[in-house]
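The sequence and structure come first.

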Amino acid sequence: MTSTDLDRLARTAYEAHRSAHPGSLPPWEDVPEQEQKAWRAAVSAVTSTGDATLADAGPAPSIVIQAGDETHVFHTEFTAGRQGTLVVNDEHASSQHALFQPAHGLWYVEDLGSTNGTWLNGRRIVAAQRLKKRDKVRIGRTVIVVVSA
């Protein structure tokens, strides 16, 4: 299978997934490169004739967060803000306020130059900070609790 075929299949699979969740997922062009790679890897795994699977690469870290009364699970990096992957309906939040990203099996949060800052457990962050269970991330006046990371 060529790289072009893999890209086309990954896009098609993502768009099918997106159509099942109207309004909650960005178009393929706006999906972070890391997430696009994950879609290509998934498509490759199910179309491959080899014996290797995605599980052979080891578990991908996931993060479970609670924002208000909603629980969200993410497996790849995402942004939080008024126009983020995780939408924060808060007039004190910036459009793209904070970046949550996995690295080396751990999750980190980083402010994206927001007007009001990103706060971790009551302290304003100035660089990426590691996240742990029960951490509280404040974006605007909205508090996001890490359920597991």
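Ser-114 sits in the loop that joins strand E6 (106-111) to strand E7 (118-120); helices (H or I, at least four residues) and strands (E, at least two) are DSSP runs, numbered from the N terminus. The model is predicted: local features need pLDDT of at least 70 and side-chain atom pairs count only at pLDDT 80 or more, while totals for chains, interfaces and linings use all residues. Residues are numbered from 1 along each chain as its sequence is written, and side-chain values use heavy atoms, with hydrogens and water left out.

With a relative accessible area of 8%, Ser-114 is buried (under 20% relative accessible area; exposed is over 50%, partly exposed in between; 1.4 Å probe, protein chains only). Its side chain makes two kinds of listed pairing, given in the table as polar contacts (a pair of N or O atoms within 3.5 Å; within protein, one must be able to donate a hydrogen and the other to accept it, and residues adjacent in sequence count only if both atoms are side-chain atoms).| Side chain | Partner side chain | Polar contact |
|---|---|---|
| Ser-114 | His-97 | 3.2 Å |
| Ser-114 | Asp-111 | 2.5 Å |

Leaving aside neighbours within four places in sequence, Ser-114 is in contact (heavy atoms within 4.5 Å) with Ser-94, His-97 and Arg-124.

The structure holds 5 aromatic pairs. Rings of Phe, Tyr and Trp (its six-membered ring) pair if their centres lie within 6.5 Å; planes under 30 degrees apart count as stacked, over 60 as edge-to-face and the rest as tilted. One of the pairs is Tyr-14 with Trp-39, which is edge-to-face because the ring centres are 5.5 Å apart and the planes stand at 85 degrees. This pair links distant parts of the chain, from Tyr-14 in helix H1 (residues 3-19) to Trp-39 in helix H2 (residues 33-47), 25 residues apart. Both Tyr-14 and Trp-39 are buried.

Phe-78 and Phe-100 form a stacked pair, since their ring centres are 4.7 Å apart and their planes lie at 5 degrees. Here too distant parts of the chain are linked: Phe-78 belongs to strand E3 (residues 78-81) and Phe-100 to strand E5 (residues 98-103), 22 residues apart. Phe-78 has a relative accessible area of 0% and is buried; Phe-100, at 0% relative accessibility, also counts as buried. Ring pairs join Phe-78 and Phe-100 with Phe-74 and Trp-107 into a cluster.

On confidence, the protein chain averages a pLDDT (the predictor's confidence in each residue, from 0 to 100) of 85, and 89% of the residues score at least 70. Over residues 51-58 pLDDT stays under 50, and the model has 4 contacts beyond four places in sequence for them.
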